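This report is meant for a reader who has not seen this protein before. Please look over the sequence and the model first.

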Amino acid sequence: MLNRIRTYLSEQLDIPVEEMDRDTTFESLHVDSLDMVEMVMDMEEELGIDFEMDGDAKLETIGDLADYIEDKLA
């Protein structure tokens, strides 16, 4: 999932995949809340599931989002 997110961000933000790892923050990539919603919606469509994002989810890094999605898929 981590690589899928990195690839998505690379395509959307024109940033080399190699410059992102688990600890890369969305803030450092200048990803705002609207970008996050769009990314999650794209991931939901691609994977065919609803992640039901709640306000309690603290997603600050790429790794946080990867873990969140993997938990929802489990």
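The sections below go from the overall fold to a pair of helices and then to a loop.

## Overall fold

The model is predicted. The protein contains 3 helices and 0 strands, and along the sequence its pattern reads α-α-α.

The C-alpha trace spans about 30 × 25 × 20 Å along its principal axes. A compact globule of 74 residues would have a radius of gyration near 11 Å, and the protein agrees with this because its own value is 11 Å. Of the 74 residues, 35% are buried. Among contacts with a separation of 6 or more, 56% are between residues 24 or more positions apart.

## Packing of H1 and H3

Two packed helices are described by the angle between their axes and by the distance between those axes. Helix H1 covers residues 2–13 and helix H3 covers residues 62–73. Their packing angle is about 125°, and their axes are 9 Å apart. H1 and H3 are therefore oblique to each other. The crossing of H1 past H3 is right-handed.

On the H1 side, the residues that meet H3 are Leu2, Ile5, Arg6 and Leu9. On the H3 side, they are Ile62, Gly63, Leu65, Ala66, Ile69 and Glu70. Sorted by class, this contact has 7 nonpolar residues, 1 polar residue and 2 charged residues.

Val17 is in the loop between H1 and helix H2, which covers residues 33–47. Its relative accessibility is 23%, so Val17 counts as partly exposed; the buried class lies under 20%.

Leaving aside residues up to four places away in sequence, Val17 touches Arg6, Thr7 and Ser10. Arg6 also takes part in the contact of H1 with H3. Between Val17 and Arg6 there are 5.8 Å from C-alpha to C-alpha, with the two residues 11 apart in sequence.

## Positive phi angles in the loop

Most residues other than glycine have a negative phi. Asp14 is not a glycine, yet it has a positive phi of about 55°. His30 is not a glycine either, and its phi is positive as well, at about 65°.

Asp14 is placed in the loop between H1 and H2, and His30 is also in the loop between H1 and H2. Are these residues buried or exposed? Asp14 counts as exposed because its relative accessibility is 71%. His30 is exposed too, with a relative accessible area of 69%.

Definitions and conventions. Residues numbered from 1 in each chain as written. Predicted model: local features only at pLDDT ≥ 70, side-chain atom pairs only at ≥ 80, totals over all residues. Heavy atoms only, no water. Axes fitted to C-alpha atoms, helices over the stretch in contact; angles between N-to-C directions. Helix = DSSP H or I, 4+ residues; strand = E, 2+ residues; numbered from the N terminus. Parallel < 35°, antiparallel > 145°, perpendicular 65-115°, else oblique. Left-handed = near helix turned anticlockwise from the far one by under 90°. Contact = heavy atoms within 4.5 Å. Nonpolar A, V, L, I, M, F, W, Y, C, P; charged D, E, K, R; others polar. Rg over C-alpha atoms; globule rule 2.2 N^0.38 Å. Buried < 20%, exposed > 50% of the residue type's maximum accessible area, 1.4 Å probe, protein only.
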